[in-house]
Amino acid sequence: MEDGVKVEKYFDDVRFPGEQGAEISQEINSFTKGCIFVAHNVKFDYRVLKKEFSRIGMEFQRDLLCTIELSKIVFPEMKSYSLGKLVSNLGIEIKNRHRADGDAEATLNLFVLLTKNIERDKLDKLVSFENE
């Protein structure tokens, strides 16, 4: 799984003004090209990111994988799939809750745990192909 997974740095403010924003967007675009965008409630985060790219005139298109949907398959007995409750129930520490860096790190640790508990073919079936 490590071959196709890259972790990008998340920023608390998605909006980057002017030239700096374009440079950061180019870097994110280049760094994540060919990768699967993984997030907890991925459609929300992806929509925000696409909107910011669009605002500066860039297209951003990635395949998606949602850790909520993955969690429901790997841990069907959970009562809640909110990030905070889920990682707490699984013994994953979450620092700086509701901040981009804290939530991103917790999601990464959750994703690693989930991928250790699911077969590759099942995982592959959960990827949403944005270009379809």
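1. Basis of the note. The model is predicted, so local features are reported only at pLDDT of at least 70 and side-chain atom pairs only at pLDDT 80 or more, whereas totals for chains, interfaces and linings use all residues. Residues are numbered from 1 along each chain as its sequence is written, and side-chain values use heavy atoms, with hydrogens and water left out.

2. Helix α5. Helices (H or I, at least four residues) and strands (E, at least two) are DSSP runs numbered from the N terminus. Helix α5 covers residues 100–115, and its end C-alpha atoms are 22 Å apart. Among the residues of α5 that are buried are Ala-104, Leu-110, Phe-111 and Leu-114. Here, buried means under 20% relative accessible area, exposed over 50%, and partly exposed in between (1.4 Å probe, protein chains only). The cover over the buried residues of α5 includes β1, β2, α3, α4 and α6, where contact means heavy atoms within 4.5 Å.

3. Aromatic pairs. Rings of Phe, Tyr and Trp (its six-membered ring) pair if their centres lie within 6.5 Å; planes under 30 degrees apart are stacked, over 60 edge-to-face, and the rest tilted. The structure holds 3 such pairs. In one of them, Phe-37 and Tyr-46 are tilted, at 5.7 Å centre to centre and 50 degrees between the planes. The rings of Tyr-46 and Phe-60 are also tilted, because their planes stand at 45 degrees, with centres 6.1 Å apart. This pair links distant parts of the chain: Tyr-46 lies in helix α2 and Phe-60 in the loop between α2 and β2, 14 residues apart. Phe-60 is buried, at 1% relative accessibility. One aromatic cluster is formed by Phe-37, Tyr-46, Phe-53 and Phe-60.

4. Cysteines. A disulfide requires a pair of cysteine sulfur atoms within 2.5 Å, and the count is 0 disulfides. Cys-35 is buried at 10% relative accessible area, and Cys-66 is buried at 13%.

5. Salt bridges. A salt bridge is a side-chain nitrogen of Lys or Arg within 4 Å of a carboxyl oxygen of Asp or Glu; the whole structure has 3. Glu-52 and Arg-55 meet at 2.9 Å, N to O, and both lie in helix α2, 3 residues apart. Glu-52 is buried at 10% relative accessibility, whereas Arg-55 is partly exposed at 40%. In helix α6, Asp-124 and Arg-120 lie 4 residues apart, about one turn.

Notes: Expected span 1.5 Å × (residues − 1).
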